[in-house]
Amino acid sequence: MSDRRLLFVHAHPDDESSQSAGTLSRYVAEGAQVTLVTCTLGEMGEILVPDWAHYSPAELGQHRISELAEALGIMGIEDHVWLGGPGRYHDSGMDRDEKGNACPMTERPDGAFWDADLLEASNHLVEVLRDRRPQVVVTYDPFGNYGHPDHVQAHRVAMYATALAAAPTHRPDLGEPWQVQRVLWLTHNTRLWEQAAATAREQGVTLFGEEPDDERSFGPDPSQIVAVVPYGQYLEQAHAALFAHRSQVDPQHDFWRFFDIMRRLEGSGEAYLYAGGLPFPESDHPAEDLFAGL
């Protein structure tokens with residue numbers, strides 16, 4: 001077993017490549033044990049390829065398994081787990097409220113992850129945590145980064161499972177107790193997103209249907225960001241992993257054009273918030289290593 005072990009919990013295929021591909025690629029290359037847990041098959045994703053527009057949710061889910069496999073191969077990830085097994089939890093889909101904010105759909109598919117029993121879903125992850133024994137666990141913030149119900153549920157499952165995995169009296173049949181040393185939440189690299197947004201506007205890229213003078217927050221107060229893992233030499237690898245998800249990612253779409261601008265800025269990297277366990281060593285700058293101080 002590697003002396004550095006890292007586990008990510010993501011909601012759908014493509015989330016790992018859009019939000020953490022640089023980090024995942026780096027730690028695989030450095031020899032760390034990297035485990036990716038994906039909670040759903042992404043059956044309710046928006047299909048961007050006309051030739052695949054006829055896919056049913058079930059067919060799209062099966063197709064996205066192959067897209068994820070391609071992305072994992074690009075990043076070098078060999079340890080991938082579907083929470084509870086492939087298709088145990090169905091993509092819940094997402095709606096928008098009157099203000100345009102992400103929210104759960106009123107009518108959801110059978111087995112929707114949003115409706116999952118929290119203890120049952122968490123126990124699936126407890127078993128993985130006790131087996132892989134990661135020092136660092138990463139998932140979304142309590143808002144799921146932007147409100148998607150499956151991201152919110154992934155956050156809940158990851159946080160509950162991390163606590164349960166350490167309790168000796170909880171489900172000893174799921175393995176020996178394991179105390180995760182540090183829990184982190186993915187977030188936007190605020191200053192870089194702001195800089196990229198300004199550059200994108202100059203290039204005529206429209207973001208989120210905004211007006212040109214629309215001022216909005218692109219992430220948390222930068223002082224709250226405790227770590228930024230630079231893309232560095234893994235930038236092109238991260239791009240290739242993202243574009244492996246062809247049903248979901250169109251490189252010509254304004255958002256992904258913005259995303260490309262953001263990733264290519266000097267100093268760009270994937271940002272993290274501290275959520276629990278051992279803090280990072282004190283510093284005037286965010287750490288560049290998720291294992292720093294462990």
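Ala21, Gly22, Thr23, Leu24, Ser25, Arg26 and Tyr27 are the buried residues of helix α2, where buried means under 20% relative accessible area, exposed over 50% and partly exposed in between, with a 1.4 Å probe and protein chains only. Seven of the nine residues of α2 (residues 21-29) are buried, so the rest of the structure largely encloses this helix. This is a predicted model, in which local features need pLDDT of at least 70, side-chain atom pairs count only at pLDDT 80 or more, and totals for chains, interfaces and linings use all residues. Residues are numbered from 1 along each chain as its sequence is written, and side-chain values use heavy atoms, with hydrogens and water left out.

**Helices α4 and α5**

- Helices (H or I, at least four residues) and strands (E, at least two) are DSSP runs, numbered from the N terminus.
- Helix α4 (residues 118-132) packs on helix α5 (residues 149-165) at an angle of about 60 degrees, and their axes are 8 Å apart; axes are lines fitted to C-alpha atoms, for helices over the stretch in contact, and angles run from 0 to 180 degrees between N-to-C directions.
- That makes α4 oblique to α5, given that angles under 35 degrees count as roughly parallel, over 145 as roughly antiparallel, 65 to 115 as roughly perpendicular and the rest as oblique.
- On the α4 side, the contact residues include Leu118, Leu119, Leu125, Val126 and Leu129, and on the α5 side they include Val157, Ala158, Tyr160, Ala161 and Leu164; contact means heavy atoms within 4.5 Å.
- By class, the contact of α4 with α5 has twelve nonpolar, three polar and two charged residues. Here Ala, Val, Leu, Ile, Met, Phe, Trp, Tyr, Cys and Pro count as nonpolar, Asp, Glu, Lys and Arg as charged, and the others, Gly among them, as polar.

**Aromatic pairs**

- The structure holds ten aromatic pairs; rings of Phe, Tyr and Trp (its six-membered ring) pair if their centres lie within 6.5 Å, and planes under 30 degrees apart count as stacked, over 60 as edge-to-face and the rest as tilted.
- In one of these pairs, the rings of tryptophan 193 and phenylalanine 255 have centres 6.5 Å apart and planes at 55 degrees, so the pair is tilted.
- Tryptophan 193 lies in helix α6 (residues 190-202) and phenylalanine 255 in helix α8 (residues 254-264), so the pair ties together parts that are 62 residues apart in sequence.
- Tryptophan 193 also pairs with phenylalanine 258, with centres 5.1 Å apart and planes at 75 degrees, so this pair is edge-to-face.
- Tryptophan 193 is buried at 7% relative accessibility, phenylalanine 258 is buried at 0%, and phenylalanine 255 is partly exposed at 21%.
- A cluster of Trp193, Phe255, Trp256, Phe258 and Phe259 is linked by ring pairs.

**Helices α6 and α8**

- The angle between α6 and α8 is about 120 degrees, and their axes are 9 Å apart; the two helices are therefore oblique to each other.
- Among the contact residues are Trp193 and Ala197 of α6 and Phe255, Phe258 and Met262 of α8.
- This contact of α6 with α8 divides into ten nonpolar residues, one polar and no charged.
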